[in-house]
Amino acid sequence: MAGIGDGRVRRALAMGAARSFVIVALLVAWEWLAQSGRVTPYMLPALSDVLARIWHDATAGDLLINAGLTLYRALAGFFIAAVAGILLGAVMSQSAIVRWFFDPIISVGFPMPKIAFLPIVILWLGFFDVSKIAMVVLDAIFPVVTATIAGIAGVDRELVWSARNMGARERELIWQIVLPAALPQIMTGVQVALPIALIVAVVAEMAMGGYGLGGAMNTASRFADSRGVFAGIVEIAVVGYCLIKAMSVLRRRLLLWHQEALEPTTV
C-alpha cells in the first residue's frame, strides 16, 4: 500500500512539474520575443517590464485596491449565484410547477451570452457595484442550477426509497440524503461558475469603468499604456488561478467521504 501511495505522489508531482514547465517556457518565450526586437514594446512589452509595472502598482497601493474591488464583486455575485442556484435547482427538482415555469428560462438563458443584458442593467441599476454584481449573478447562476438539477436527478432511487421507508420526512430527505448525494455534481457546477464570475466582473468593469482590474486595464488602453494592459492580464490570470486552486481544495475537503477523494489528483 505504501508503494502504491508513493507512486501516486510521484505521478502527481511529475504532472505538476510538467504543467509548470509549460508555463515557464511560455514566459521565457515571451521575454525572449520582446527582447529580440522582432516586435515593438508597444505591441509586446517585455515580461520583466510588466513585472516591474505590477510591482510599482503593488507598492503604490493601486493593485490592492483594484484586485480587492474585483474580487469583492466577483465573489459577492458568485456566492449569491451559488446559494440561489442550489436552492432553485432543488426546488425545480421537487416541484413540477416550478420546473414548468423556470425550465424554459434556463433552457433559453443558459446558452445565450448574458453580457447582452449589460446595457439594460446599466439603465436600471447604474454604473456602480450593484450593477456589476447583478451581471455576475445573472451569468454564474445558470451552471449551478443545471448542475443541481442533474445531480439530484442522478441520486440513487433506492437510497431515497430506503430513507422514506425509515420514516424520513421530505425536508429531512432533501437536506440529509438528496443534496449530500448530489454534492459532487453540484460542486462541479459551482466550480464552473467561479471563473465565470471573475470573467464577468472584469468585463463589466471594462464596460462601466471605474476602479477594479478591468477598469484599470481599460484606462491603460485608453492612454496607450501597453505595460499597464499586459500587467492587468497577468494580474487577472494569477487571481483566477488562485481562485480555482482554492475551490479545488474546498471540493476535496467537502468530498472526503466520496469515491473521488480516494483517487489520485493533480489539482
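Q: What kind of model is it, and what's the mean pLDDT of the chain?
A: It's a predicted model. The chain has a mean pLDDT of 85, with 87% of its residues at 70 or more.

Q: Which elements have the lowest and the highest mean pLDDT?
A: Helix 7 (residues 157-165) has the lowest, at 70, and helix 3 has the highest, at 94.

Q: OK, charges now. How many salt bridges turn up in the whole structure?
A: The search finds 4.

Q: Which residue does Arg53 meet in a salt bridge?
A: Asp225, with 2.5 Å from N to O. Arg53 sits in helix 2 and Asp225 in the loop between helix 9 (213-222) and helix 10 (226-254), so the bridge ties together parts that are 172 residues apart in sequence.

Q: And are those two buried or exposed?
A: Arg53 counts as buried, at 19% relative accessibility. Asp225 is partly exposed at 21%.

Q: What about Arg73, which partner does it have in helix 6?
A: That's Asp129, at 2.8 Å N to O. Arg73 is in helix 3 (residues 62-94) and Asp129 in helix 6 (residues 129-153), so this pair links parts 56 residues apart in sequence. Arg73 is buried at 5% relative accessibility, whereas Asp129, at 24%, is partly exposed.

Q: Where does the partner of Arg73 in its bridge to Glu205 lie?
A: Glu205 is in helix 8 (residues 170-208), so its bridge with Arg73 in helix 3 ties together parts 132 residues apart in sequence. The N to O distance is 2.8 Å, and both Arg73 and Glu205 are buried.

Q: Which residues do salt bridges with shared partners join into one network?
A: Arg53, Asp57 and Asp225.

Q: Back to helix 2, then. How many residues does it have, and what does it span?
A: Helix 2 has 14 residues and reaches 20 Å from first to last C-alpha, close to the 20 Å expected.

Q: Which of its residues are buried?
A: Leu47, Val50, Arg53, Ile54 and Asp57. They cover an arc of only 120° around the axis, so they're on the same side of helix 2. Over on the other side, Trp55 and Thr59 are exposed.

Q: What follows helix 2?
A: Gly61, with a positive phi near 95°.

Key:
Residues numbered from 1 in each chain as written. Predicted model: local features only at pLDDT ≥ 70, side-chain atom pairs only at ≥ 80, totals over all residues. Heavy atoms only, no water. Salt bridge = Lys/Arg side-chain N within 4 Å of Asp/Glu carboxyl O. Helix = DSSP H or I, 4+ residues; strand = E, 2+ residues; numbered from the N terminus. Buried < 20%, exposed > 50% of the residue type's maximum accessible area, 1.4 Å probe, protein only. pLDDT = per-residue confidence, 0-100. Expected span 1.5 Å × (residues − 1). Arc of directions from axis to C-beta.
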